[in-house]
Amino acid sequence: MNTEIPTRRMSHRLSRLMVLATAVVLASSMATACGSDTGSPGTSAGGDRPSTPSAGGTTGGTTGNESTTPGQGVSTTPATPGTPATPGTPAKPGTPAPPVTSDGASKVRASVYFLRGEKVSSAPRNVTAPTTAAGALRALLAGPNQHERRHGRTTSIPSGTTLRSVVVRRHVATIDLSGRYDDGGGSLSMQARLAQVVFTATRFPSIHKVQFELDGKPVTSFGGEGIVLNHPVGRADFEELAPLILVESPLIGDSIRTPVRVWGSANTFEATLKLKITDVTGRTAADVYVTATSGTGTRGTFDVTIPYKAVRSGAGTLTAYWVSPEDGRAVIEDTVPLSVRR
């Protein structure tokens, strides 16, 4: 009797110990299982996460008629306010998809710079992505179309000039053109054809300045007038060939609806200018004062949205001008033929 009770108590204690041990093991297993879910899906807890690829630079180039221009993808340089989206920039929600060619390549809207009188004036072109800079320059070399010529757009670039290559490094585009580019013309013609190329190339945010080559050889002195080109040149080097008000959007031939966004650059007295929209009847649909970011010797930018009221839809005009502080006369700097919609 006395020996039976301790034996039973010992068995009971051993059973309790075994139950407790089993519970501890189960709890430990559950904690381990829960801990493995704290990481991201597909990543073990405490493991290294995949690194984010870095953005590419703007080096590279094209030769001949190749279809790529490295450096014309996503730009690492902020665009000027109002600048249209560059290749690689996501479109805004609801924006129509870019047109696609028969071989599946997308088209990108670009600007080329012809002449209106003796000043540069921009015109739209659709070029195949990603060869945006090269495509725009080839479109420039092809000259203005019939509609543009009918509205006074000309070019100083000799017919037959071809693009050999474009190489973009550190925001400088080295543009190699055929030797035909420097044939004939006086000082104004030489300056104008250089300005046309510089303005067209620097319309892309990834290009700030241009270096010229002819038939693969660097140009340090251009034309019979000996224009010095021993360093990269930008728009500021051709300020005298830009109108005091340069409209960059909308462009010749565009169709607009109210309200219309108008942007560009200006170098007017006290940075003040006016924008007027005329409809197909000749009636003034809008005529507003605009203030650029700077003026009076320093070129600034402007970006405004203008509501207008047209009598009916049809061919119209956007006129950019400033008012003379001396006699109140309107001095027209740029005119853009448009299709004005009600």
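Q: What should I know before I start?
A: Residues are numbered from 1 along each chain as its sequence is written. In this predicted model local features need pLDDT of at least 70, side-chain atom pairs count only at pLDDT 80 or more, totals for chains, interfaces and linings use all residues, and side-chain values use heavy atoms, with hydrogens and water left out.

Q: Is leucine 318 buried or exposed?
A: Buried means under 20% relative accessible area, exposed over 50%, partly exposed in between (1.4 Å probe, protein chains only). Leucine 318 has 1%, so call it buried.

Q: And which residues is leucine 318 in contact with?
A: Contact means heavy atoms within 4.5 Å. Leaving aside neighbours within four places in sequence, the partners of leucine 318 include Val247, Ile277 and Val336. Leucine 318 and valine 336 sit 18 residues apart in sequence, yet 5.0 Å apart in space, C-alpha to C-alpha.

Q: How many salt bridges does the structure hold?
A: Look for a side-chain nitrogen of Lys or Arg within 4 Å of a carboxyl oxygen of Asp or Glu. The structure holds 10. One of them pairs arginine 125 with glutamate 148, at 2.7 Å, N to O. Arginine 125 is buried at 15% relative accessibility, and glutamate 148 is buried at 2%.

Q: Which residues are linked in a network of salt bridges?
A: Arg203, Arg235 and Glu248 are. Between glutamate 248 and arginine 235, the closest N and O atoms are 2.9 Å apart. Glutamate 248 is buried at 5%, whereas arginine 235 is partly exposed at 23%.
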